[in-house]
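Please look through the sequence and the picture before going on.

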Amino acid sequence: GENVEQHPSTLSVQEGDSAVIKCTYSDSASNYFPWYKQELGKGPQLIIDIRSNVGEKKDQRIAVTLNKTAKHFSLHITETQPEDSAVYFCAAAKGIGAGNMLTFGGGTRLMVKP
Amino acid sequence: DVKVTQSSRYLVKRTGEKVFLECVQDMDHENMFWYRQDPGLGLRLIYFSYDVKMKEKGDIPEGYSVSREKKERFSLILESASTNQTSMYLCASFRRGGGAQYFGPGTRLLVL
């Protein structure tokens, strides 16, 4: 089955700096890659996703890049703010017809220091 | 907005007790999932359901069962709770045809 590895497990940055979280996946058939943000005491919330037919997607300060050949994808957060502090999860899935069976990475705890 | 609610935020049970975790979604989603979340392991799929009365095992179904009698409600059952089931349990739902999974706030279960 699919295996998703996520690095780093913890990341500390100064406010205003950029943060990058990387994930690799094993199943070349995977074609959907969402990123979730989980704040303390809450469930994960989708922040951005990308499908395998594009290489990059941006939404304001966050962007995701995908390298299908190398089977890795990354989350980029620019101009980090204290409210970006949370646990971030990447995931991979294949097929959208029957449903997205997501395999999650282990998570990255991002701390943004004011 | 999609709303996924879970019956309890915190739960303390004793070993051997039968435990019910309830999840309700209000967006008429066909698909519902139960995950457990443990530090460093991410989210692992326990069971999922594509429709009423339908259930499929996920990656770690041992010690759990589920029930889906109504489309909006998906219950996770621990028949005889054990200490290694102490964890955060997350419910999710999404619409048939794909798209984002929407998560509930989670239930933190402690089994003593």
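Predicted model: local features only at pLDDT ≥ 70, side-chain atom pairs only at ≥ 80, totals over all residues.

Residues are numbered from 1 along each chain as its sequence is written, chains are lettered from A and ligands numbered from 1 in the order in which they are written, and side-chain values use heavy atoms, with hydrogens and water left out.

Visitor: How many helices and strands are there in chain B?

Guide: Helices (H or I, at least four residues) and strands (E, at least two) are DSSP runs, numbered from the N terminus. Along the sequence, the pattern of chain B is β-β-β-β-β-β-β-β-β-β-β. The count for chain B is zero helices and eleven strands.

Visitor: What is the radius of gyration of chain A?

Guide: Chain A has zero helices and eleven strands. The radius of gyration is taken over C-alpha atoms, and the globule rule is 2.2 Å times the number of residues to the power 0.38. For 114 residues that rule gives 13 Å, and the value for chain A is close to it, so chain A is as compact as a globular protein of that length; its radius of gyration is 14 Å.

Visitor: What percentage of the residues in chain B is buried?

Guide: Buried means under 20% relative accessible area, exposed over 50%, and partly exposed in between (1.4 Å probe, protein chains only). Chain B has 112 residues, and the buried part of them is 51%.

Visitor: What is the area buried between chain B and chain A?

Guide: The size of an interface is often given as the accessible area lost when the parts come together. Here buried area is the accessible area (1.4 Å probe) that two parts lose on being put together, summed over both. With contact meaning heavy atoms within 4.5 Å, 23 residues of chain B touch 20 residues of chain A. Carbon and sulfur atoms give 56% of the buried area, which is about 1500 Å².

Visitor: Which residues of chain B lose the most area to chain A?

Guide: Three residues together account for 27% of what the chain B side buries. They are L43(B), Q101(B) and F103(B).

Visitor: Is R96(B) buried, exposed or partly exposed, and what is its relative accessibility?

Guide: R96(B) sits in the loop between β9 (87-94) and β10 (102-103) of chain B. R96(B) counts as partly exposed because its relative accessibility is 42%.
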